Amino acid sequence: MINKNLLKTESEKLGISLDDVALERFDKYAELLVYWNERINLTAITDPDEIIFKHFVDSIAFLKYCTPEEGASIIDVGTGAGFPGVVLKIVRPDLSITLMDSTKKKLGVIEEILNEIGLSANIVHARAEEAGHDDNFREMYDFATARAVSNLRDLSEYCLPFVKVGGKFVSLKGADAKNELAEAAVAIKTLGGKTTKTDIFELKNCGERAIIQIDKVSATPTKYPRPKGKMQKQPL
Ligand code: SAM
């Protein structure tokens, strides 16, 4: 289905080498994405080379700039069709990945895909702003991550509550990262975060991308996250 050599080469450019098992899994993942996309709306991207760049390489870039320790726990908030969470699991099967989304049918497909490629993850059907108050999830993860879910200010309120003090929130963003960071500065501080690193890179034919790393330096005050309506009416 996909050009595995292209994926291998592009991944190597990020310093990440993919073995044959991972390449086979990516190939099957792409095939299943296209198959399921004809049945439920998962992604606008179905061209094989676009899947390589816009989904796979874009998600793999997380691991160029941030290297979780062996066995680290990561929650992917608003995973959709599995980005970046399923990609991280394929590249680093040692990681304990939780995939959270508010849309149940997408999670059903993800479960099928994981079964087919022989990997497992914790799949959680929940809204982040509700799960963030649940002791099973709150401050339980070494990392939270998200791509294409919300602006960084609201996203910090969704994601930082899940991260243990000493862990990180890693946000995958587009060209507007600098402005988003400026707009999110108060929220990040209020929620117990501290921005430590922003790496900008060029995704071939797709423009600039940014990987923003926010350290969790203190516990998130218990009143956060707030319901979505409140976040919008009274942005931090
Ligand atoms: N992260 C994937 C990607 O980069 O392709 C999916 C992005 S998609 C545009 C946004 C996803 O976030 C959707 O699957 C949606 O259901 C989910 N989502 C939006 N708000 C959410 C919330 N408050 N809690 C959990 N999931 C949410």
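**Entry 1: the ligand**

I began with the ligand and found one of its oxygen atoms 2.6 Å from an N or O atom in the side chain of Arg147. I count this as a polar contact, meaning a pair of N or O atoms within 3.5 Å; within protein, one must be able to donate a hydrogen and the other to accept it, and residues adjacent in sequence count only if both atoms are side-chain atoms. I then checked the cover: the protein hides 80% of the 600 Å² of accessible area that the ligand has on its own. Accessible areas here come from the Shrake-Rupley method with a 1.4 Å probe, and for residues only the protein chains shown count as cover.

A note to keep in mind: this is a predicted model, where local features need pLDDT of at least 70 and side-chain atom pairs count only at pLDDT 80 or more, while totals for chains, interfaces and linings use all residues. Residues are numbered from 1 along each chain as its sequence is written, and side-chain values use heavy atoms, with hydrogens and water left out.

Back to the ligand, I looked at nitrogen. A ligand nitrogen atom lies 2.9 Å from an N or O atom in the side chain of Glu129, and a ligand nitrogen atom is also 3.2 Å from a polar backbone atom of Ser102.

Which residues come nearest to the ligand? I noted Gly78, Phe83, Asp101, Glu129 and Arg147, out of 16 residues around the ligand (a residue is near if one of its heavy atoms lies within 4 Å). I sorted the shell into six nonpolar, five polar and five charged residues. For that sorting, Ala, Val, Leu, Ile, Met, Phe, Trp, Tyr, Cys and Pro are nonpolar, Asp, Glu, Lys and Arg are charged, and the others, Gly among them, are polar.

**Entry 2: around Phe83**

Phe83 came up again, and I found that its peptide bond to Pro84 is cis, with omega near 5°. Pro84 sits in the loop between strand S1 (73-77) and H4. I took helices (H or I, at least four residues) and strands (E, at least two) as DSSP runs, numbered from the N terminus. Helix H4 covers residues 85-91 and includes Gly85. Is Gly85 buried or exposed? I found Gly85 buried, with a relative accessible area of 1% (buried is under 20%, exposed over 50%, partly exposed in between, with a 1.4 Å probe and protein chains only).

Pro225 belongs to the loop between strand S7 (207-216) and helix H9 (228-233).

**Entry 3: from S4 to H7**

I looked at Ala148, in the loop between S4 and H7. Ala148 has a positive phi of about 60° although it is not a glycine, and at 73% relative accessible area I noted it as exposed.

Helix H7 (residues 152-159) has eight of its eight residues buried, so it is largely enclosed by the rest of the structure. At the start of H7, I saw a side-chain oxygen of Asn151 within 3.0 Å of the backbone nitrogen of Arg153.

I also found a positive phi, about 50°, at Glu139, which is not a glycine. Glu139 lies in the loop between helix H6 (128-131) and strand S4 (141-147), and Glu139 is partly exposed at 24%.

**Entry 4: two strands**

Last, I visited Lys173 in strand S5 (residues 163-173). Lys173 is buried at 10% relative accessible area, and its side chain makes a polar contact of 3.0 Å with that of Glu180. In strand S6 (residues 193-203) I picked Ile200, which is partly exposed at 43%.
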